[in-house]
Amino acid sequence: MLEIGQQIAQQHLDAEDRLIGIIGPAGTGKSLLIKGMFPGLDLTNDDHGVNVRPLPLLDVSDNEFYEPHTYHLDIRFESAFTQLYELSEAIKRAVNMGRRVVVEHFDMIYPFMHINAELLIGIGEEIIITRPNLFGPEPQDIADIVNKNEGFRRMAHSAEDLTEFYLHQHVPGDLRYVHGDIRRGFLLKFPKKPQVDLAQAEEFIKGLIAQDVPISYHDERHILIGDKVHLCTNPRMHCTSTGEISNFHLLKEFHHDILNDEYLLVGLIGDHGKEEDIGDINTITLD
């Protein structure tokens, strides 16, 4: 998510953007995305920012030299301390003073502001990046999409960790790979084709799914699969147990990405069709 945030900042963020809206359920990686977009920005909902009271945004003044240019707030978190109409006024005041405000759960504050974000990002199964105008989209439109599909992302990320769990236990040597995303699934991208029996790997993972093993947060870099500690890049983004993963399977061969010279291990969940339909995996459905 940090890398994706960097890409979004490079490709979509304008230097003059003052109001950035982020939408998505808890645990989908919104804060990581923001850290990637705005390195060094103090997040007011992390372990350090929660101790910064009152919220810095509430005290923005005209003294630009001594005050930050960019502010962050999490509406769901801050609504426990401050009324939404007060947060709305603080955001509008800061924006009118030329400051930039990055707002998580923007859909919650929009009914009080009636001002849409200049850059609106939704995080669910997929990442939606829009520049709204008078004709939409409205924040709730984005929220409806990401909230509907968020469960698939939890399943895909959980299945990805189970696959890594198998690889680390059964494949000798130092496995080097990077993560990738596809619709209702995941990618592991290897610089060299590993010696892995994918049918055996799938059988092992389906066995863990059938056992309905608990998956839980351990710390910021690890999860627990049952009682086993496993390294994870996003430990808050999982199903609560393996049994929640539906229709998991692995494609039974590594696919060679010729342009990048990588070998792709492809895992799928949900309602994907036959394996030979690999070219349709990222097809967007308008249901």
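Buried denotes a relative accessible area under 20%, exposed one over 50%, and partly exposed the range in between (1.4 Å probe, protein chains only). The structure is a predicted model in which local features need pLDDT of at least 70 and side-chain atom pairs count only at pLDDT 80 or more, whereas totals for chains, interfaces and linings use all residues. Residues are numbered from 1 along each chain as its sequence is written, and side-chain values use heavy atoms, with hydrogens and water left out.

**View 1. Salt bridge between Arg236 and Glu220**. A salt bridge is defined as a side-chain nitrogen of Lys or Arg within 4 Å of a carboxyl oxygen of Asp or Glu; the whole structure contains 6 of them. In this pair the N to O distance is 2.5 Å. Arg236 belongs to the loop between strand 10 (228–231) and strand 11 (249–250), and Glu220 to the loop between strand 8 (215–219) and strand 9, 16 residues apart. Helices (H or I, at least four residues) and strands (E, at least two) are DSSP runs numbered from the N terminus. Arg236 has 47% relative accessibility and counts as partly exposed; Glu220, at 44%, also counts as partly exposed.

**View 2. Salt bridge between Asp17 and Arg131**. The closest N and O atoms of the two residues are 2.6 Å apart. Asp17 is in the loop between helix 1 (2–12) and strand 1 (19–23), and Arg131 is in the loop between strand 5 (127–130) and helix 6, so the bridge ties together parts that are 114 residues apart in sequence. With 5% relative accessibility, Asp17 counts as buried, while Arg131, at 41%, counts as partly exposed.

**View 3. Salt bridge between Arg183 and Glu126**. The N to O distance is 3.8 Å. Arg183 is found in the loop between strand 6 (178–182) and strand 7, and Glu126 in the loop between strand 4 (119–123) and strand 5, 57 residues apart. Arg183 counts as buried at 11% relative accessibility, and Glu126 as partly exposed at 31%.

**View 4. Crossing of helix 1 and helix 2**. The axes of helix 1 and helix 2 (residues 30–37) come within 7 Å and cross at roughly 50 degrees. Leu2, Ile4, Gly5, Gln6, Ile8 and Ala9 of helix 1 meet Leu32, Leu33, Lys35, Gly36 and Met37 of helix 2. Axes are lines fitted to C-alpha atoms, for helices over the stretch in contact, and angles run from 0 to 180 degrees between N-to-C directions. The crossing is right-handed, meaning that the near helix is turned clockwise from the far one by less than a right angle, with anticlockwise giving left-handed.

Definitions and conventions
Contact = heavy atoms within 4.5 Å.
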